[in-house]
Amino acid sequence: DEIEAHLRRALHSYSRIQPRRLVGTLATSSGEREYALASLSGLLTVLDIWYPYDPTTPPYPPNRPAWSQPYDGYLRLEVADAPSGAADELVRIFYTAAHTIDDLDGATSTTLDADGEGLVVLGATAYAAEQLAQSAIGKVSVSGWTPVNIQRWAAARMQAFEQALGDL
């Protein structure tokens with residue numbers, strides 16, 4: 001459980017800096033301007049909206065209406081005429097999403113590339129080392145490692161993780 005918590009924390013840090021860039025569509029409903037974004041898995045930030053959007057004959061240039069997010073998890077189209085709900089009238093949404101790791105929190109795939117995996121592991125081990133250093137304070141150990149040695153090692157790993165995130 002603790003290792004998974006450290007992986008989650010490192011994955012969250014990585015996803016904030018280097019999120020996935022995805023695109024999805026939402027079907028419109030007649031007379032509705034607000035739409036739930038729950039179907040966009042891992043949504044972090046909405047980047048752009050195209051409406052109306054027909055994938056069979058996409059307009060060029062795309063129609064980019066005014067839009068807002070009046071509250072978490074919802075998109076509001078700020079258009080004069082409310083959508084008609086026609087089958088070919090979609091909202092195309094460009095967004096960022098958090099990365100996933102297979103079998104972590106129910107994910108079914110890992111979305112990180114090899115460099116991202118290495119960076120998340122580095123971050124998770126830095127967080128785990130910090131926890132180990134804290135738990136070692138005031139305890140007798142058979143190894144030559146003291147809490148100070150462990151803390152220095154943890155700090156070096158954390159500095160490497162933060163530097164790599166900064167480089168991204």
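Trp50 is buried, and so is Tyr53, where buried means under 20% relative accessible area, exposed means over 50%, and partly exposed falls in between (1.4 Å probe, protein chains only). Keep in mind that this is a predicted model, in which local features need pLDDT of at least 70 and side-chain atom pairs count only at pLDDT 80 or more, while totals for chains, interfaces and linings use all residues. Residues are numbered from 1 along each chain as its sequence is written, and side-chain values use heavy atoms, with hydrogens and water left out. Let's walk through the rings, the sheet, the salt bridges and the pocket.

**Aromatic rings**

- Four aromatic pairs turn up in a search of the whole structure; rings of Phe, Tyr and Trp (its six-membered ring) pair if their centres lie within 6.5 Å, and planes under 30 degrees apart count as stacked, over 60 as edge-to-face and the rest as tilted.
- One of these pairs is Trp50 with Tyr53, a tilted pair with 6.0 Å from centre to centre and 55° between the planes.
- Another pair, Tyr127 with Phe161, is edge-to-face, with 6.0 Å from centre to centre and 80° between the planes.
- Tyr127 sits in helix H2 and Phe161 in helix H3 (residues 147-167), so this pair links distant parts of the chain, 34 residues apart; helices (H or I, at least four residues) and strands (E, at least two) are DSSP runs, numbered from the N terminus.
- Tyr127 and Phe161 are both buried.
- Trp50 and Tyr53 also belong to one aromatic cluster with Phe94.

**The three-stranded sheet**

- Three strands make an open sheet in the order E2-E5-E4, with antiparallel pairing; two strands pair if DSSP finds at least two bridges between them.
- Strand E2 (residues 34-36) runs antiparallel to E5 and is joined to it by three bridges, with Tyr35 opposite Leu75.
- Strand E4 (residues 67-68) pairs with E5 in the antiparallel sense over two bridges, and here Ser68 stands opposite Arg76.
- E4 and E5 form a hairpin with five residues between them, and Gly73 in the turn has a positive phi of about 80°.

**Salt bridges**

- How many salt bridges are there? The count comes to five, using the rule that a side-chain nitrogen of Lys or Arg lies within 4 Å of a carboxyl oxygen of Asp or Glu.
- Arg8 forms one with Asp105, and their closest N and O atoms are 2.8 Å apart.
- This pair links distant parts of the chain, since Arg8 is in helix H1 and Asp105 is in the loop between strand E6 (90-97) and helix H2 (114-136), 97 residues apart.
- Arg8 is partly exposed, with a relative accessible area of 32%, while Asp105 is exposed at 58%.
- Glu34 and Arg76 also meet in a salt bridge (3.6 Å, N to O).
- Glu34 lies in strand E2 and Arg76 in strand E5, 42 residues apart, which makes this another link between distant parts of the chain.
- Glu34 counts as partly exposed at 29% relative accessibility, and Arg76 is partly exposed at 26%.
- Arg76 forms a salt bridge with Glu78 too, the closest N and O atoms being 3.5 Å apart.
- Glu78 is partly exposed, with a relative accessible area of 38%.
- Elsewhere, salt bridges that share partners join Glu4, Arg8 and Asp105 into one network.

**The largest pocket**

- The largest pocket holds about 190 Å³ of space. On a 1 Å grid over the protein atoms alone, a pocket is an open set of points where a 1.4 Å probe fits, with protein on both sides within 12 Å along at least five of seven lines, and lining residues have an atom within 4 Å of a point.
- Its volume is the space filled by probe spheres set on the grid points, which are joined across faces, edges and corners.
- Thirteen residues, written as 13 in the count, line the largest pocket, and Leu11, His12, Ala98, His99 and Asp105 lie nearest its centre.
- Helix H1 (residues 2-17) gives the most to this lining, with five residues.
- The lining of the largest pocket divides into six nonpolar, four polar and three charged residues; Ala, Val, Leu, Ile, Met, Phe, Trp, Tyr, Cys and Pro count as nonpolar, Asp, Glu, Lys and Arg as charged, and the others, Gly among them, as polar.
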